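Have the sequence and the 3D view open while reading.

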Amino acid sequence: MSDTDIHGAPNHIAIILDGNGRWAKKRHLPRKAGHAEGARNVERICRAADELGVRYITMYAFSTENWKRPKDEVDALMELLESELRSSIKRAMKNNLRMRVIGDKSVLSESFIKTINELEETTRSNTGLDVSIALNYGSRDELVRVMQGIAADVKSGVTELSDIDEDMISSRLDTHMVPDPELLIRTGGEQRLSNYLLWQLAYAEFYFTDVTWPDFDKAELKKAIDYYNHVERRFGGLKQS
């Protein structure tokens, strides 16, 4: 660790994978070529994050709003994502990665859900980098599902209104099994959260880069971590003198 490192590598990094289409357009390739290259980059960045000491990583692969894209693009994305998750089982075992999928999986195909279940079950005991893929995920949708569950419990008498607190809500989020991210990275030049982990990112540092996701490599990841290491994290407290 260099003398400029304040925090070391973040324990948990969240990433919005943006810029696949622009990467392809720049190279006069179809958008699906950009998505394919972006999918391949997931494994590269997971390896890099593991080497840099990150323990958890959560990647935004497909949002609840992405269904609004043209049907042929959505269909291609679903096919690509299912194929990548299926082929990642062997790679995850080789690299000791634990993998899970968060989001509303109820609308996915039966074969897709079967692939997700196999991936999660097969890698459950791995002790390396913990990877969450956000698929058909939207933070507002997640919070609505949480609130509906709590309301049902209150109505049935399982839960009292006075029992509802931050810990209860956090325990019912899709990410309840991992700590909140300390760093959010968004590639591709946009600077917004796009309905991603709104509760969990309450005290995260934000790093935005113009580099598109397929071009985001280990060196770029280190830049983001260096940025994180130059921020004094006060969590609402006063700056230390």
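## Surface charge

A residue counts as buried under 20% relative accessible area, as exposed over 50%, and as partly exposed in between. The model is predicted. Asp163 has a relative accessible area of 37%, so this residue is partly exposed. Asp163 lies in the loop between helix H5 (139-156) and helix H6 (166-172). On the surface, Asp163 belongs to a patch of negative charge together with Glu160, Asp165, Glu166 and Asp167.

## Salt bridges

The whole structure holds 20 salt bridges. One of them joins the side chains of Arg31 and Glu73, at 3.0 Å from N to O. Arg31 lies in helix H2 (residues 31-51) and Glu73 in helix H3 (residues 71-94), so the pair ties together parts that are 42 residues apart in sequence. Arg31 is partly exposed at 40%, whereas Glu73 is buried at 13%. Glu73 also meets Arg69 in a salt bridge (3.2 Å, N to O).

Lys71 and Asp75 form a salt bridge, with their closest N and O atoms 2.7 Å apart. These two residues are four apart in helix H3, which means that about one helical turn separates Lys71 from Asp75. A network of salt bridges with shared partners joins Glu43, Arg47, Glu84 and Arg91.

## Positive phi angles

Most residues other than glycine have a negative phi. Asn136, which is not a glycine, has a positive phi of about 50°. Asn136 lies in strand S4 (residues 130-137) and is buried, at 4% relative accessibility.

Leu197 is not a glycine either and has a positive phi of about 50°. Leu197 lies in the loop between strand S5 (183-186) and strand S6 (205-208). With a relative accessible area of 1%, Leu197 is buried.

Conventions:
Residues are numbered from 1 along each chain as its sequence is written. This is a predicted model: local features need pLDDT of at least 70, side-chain atom pairs count only at pLDDT 80 or more; totals for chains, interfaces and linings use all residues. Side-chain values use heavy atoms; hydrogens and water are left out. Patches are made of residues with over 30% relative accessible area and no salt bridge: like charges are joined within 9 Å, nonpolar side chains (Val, Leu, Ile, Met, Phe, Trp, Tyr) within 5 Å. Accessible areas come from the Shrake-Rupley method with a 1.4 Å probe; for residues, only the protein chains shown count as cover. A salt bridge is a side-chain nitrogen of Lys or Arg within 4 Å of a carboxyl oxygen of Asp or Glu. Lys and Arg count as positive and Asp and Glu as negative; His and the chain ends are not counted. The place of a charge is taken as NZ of Lys, CZ of Arg, CG of Asp or CD of Glu. Buried means under 20% relative accessible area, exposed over 50%, partly exposed in between (1.4 Å probe, protein chains only).
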